[in-house]
Amino acid sequence: MSDNPRVSRKPVIAGNWKMHGTAAEARRLAAGLRQRLAGKRGDREIVVAPPYTALGAVADELSGTPIEIGAQNVHWEARGAFTGEISAAMLLEIGCRWVIVGHSERRQLFGETDENVKRRARAAIAAGLAPIVCVGETLAERDANRTLEVVERQLRGALLDLGAADIRSLCIAYEPVWAIGTGRTATPEQAEEVHAEIRRVVADLVGDETSDRLRILYGGSVKPDNIDSLMKEPDIDGALVGGASLEVESFARIVEFRS
Ligand code: PGA
């Protein structure tokens, strides 16, 4: 790890709106964020990921602001008979720069695997989108002391065959499944342990230089009252925020974390 990692790792705060908001509702939330976060310093990246149907409205509302747009998934093919799927080019055209892949809800509820998470991440990178690749263990896996093994498997599965240049364009989000939407956040120490391990695995895959620059976000019940202590940890470089990203004040306070 570099002596002063923060110098080279700009924090990212990303809001995952999940399946919340019609286009009109999402536009109102985006307008609130625009007003509240208008003059933000450029020392942190701010991203919101609305549902697909609201991307156009939110991109329009946030154009010219420091808040960037992400999607919640992407398909690996450029086009074709894939009912219900969305391609990277479609996301770019509508104004996305980011895309979440491998979220635990996709893995658990919609059968996504390490293999297809990798394909999604690769397609996103090839198209010029920055993927946020999610990994994280279930409660049963943590209780069985398998956290690091599971996260390492997911990470190697998603990053296998990617080169250092590809990995430089993505972020990892560590999201313990037991902390998502439960109000039960990992302690900063629990999160830091896994983040440091993620950085070690990535160093093993593509070397220290790339892993030192990799931004690793924490996700799972991030709130205004726990963001500061999470961001004090040396390997936590940002947050992927679900529930607390749906209100202007709570998301803004998370963006304004003090570390
Ligand atoms: P949460 O969701 O903040 O509501 O726990 C986080 C996520 O699923 O990305």
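Asparagine 145 lies in the loop that runs between α7 (139-143) and α8 (147-159). In this predicted model, asparagine 145 has a positive phi of about 60 degrees, although it is not a glycine. As for cover, asparagine 145 counts as exposed because its relative accessibility is 73%, and the cut-off for that label is over 50%.

Serine 221 makes a handy counterpart. Here too phi is positive, at about 55 degrees, and serine 221 is not a glycine either. Serine 221 belongs to the loop between β7 (215-219) and α12 (227-231). With a relative accessibility of 7%, though, serine 221 counts as buried, since buried means under 20%.

A backbone N or O atom of serine 221 is found 2.7 Å from an oxygen atom of the ligand. On its own the ligand would expose 280 Å², and the protein buries 97% of that area. As for where the ligand ends up, it sits in the second largest pocket.

Thirteen is the size of the ligand's shell: of these 13 residues, the ones that come nearest are Lys18, His103, Glu175, Gly181 and Ser221. Sorted by class, the shell holds four nonpolar, seven polar and two charged residues. Side chains join in as well. Lysine 18 places a side-chain N or O atom 2.7 Å from an oxygen atom of the ligand. Glutamate 175 does likewise, with an N or O atom of its side chain 2.7 Å from a ligand oxygen atom.

Glutamate 175 has a protein partner too: its side chain makes a polar contact with the side chain of histidine 103, at 3.2 Å. Histidine 103, itself on the list of residues that come nearest to the ligand, is found in the loop between β4 (96-101) and α5 (104-110). Histidine 103 counts as buried because its relative accessibility is 5%, which falls under the 20% limit.

Next come a few residues described by their place in the fold and their cover. Cysteine 134 is part of strand β5, which covers residues 130-135. At 1% relative accessibility, cysteine 134 counts as buried. Along the sequence, cysteine 134 and cysteine 171 are 37 residues apart, and in space their C-alpha atoms are 8.7 Å apart.

Alanine 71 is in another strand, β3 (residues 67-71). Its relative accessibility is 1%, so alanine 71 counts as buried. Between alanine 71 and arginine 215 there are 18 Å, C-alpha to C-alpha, with the two residues 144 apart along the chain.

Aspartate 212, by contrast, is found in a helix, namely α11 (residues 208-213). Aspartate 212 has a relative accessible area of 14% and is therefore buried, as the label applies under 20%. A separation of 31 Å, C-alpha to C-alpha, lies between aspartate 212 and glutamate 77, and the pair is 135 residues apart in sequence.

Histidine 103 ties in through its 3.2 Å side-chain contact with glutamate 175.

Definitions and conventions: Residues numbered from 1 in each chain as written. Predicted model: local features only at pLDDT ≥ 70, side-chain atom pairs only at ≥ 80, totals over all residues. Heavy atoms only, no water. Near = heavy atom within 4 Å. Polar contact = N/O pair within 3.5 Å; in protein donor to acceptor, adjacent residues only side chain to side chain. Areas by Shrake-Rupley, 256 points an atom, 1.4 Å probe, with all protein chains shown as cover. 1 Å grid on protein atoms, 1.4 Å probe; cavity = no way out; pocket = protein on both sides within 12 Å on 5 of 7 lines; lining within 4 Å. Sits in = over half its atoms within 2 Å of the grid points. Nonpolar A, V, L, I, M, F, W, Y, C, P; charged D, E, K, R; others polar. Helix = DSSP H or I, 4+ residues; strand = E, 2+ residues; numbered from the N terminus. Buried < 20%, exposed > 50% of the residue type's maximum accessible area, 1.4 Å probe, protein only.
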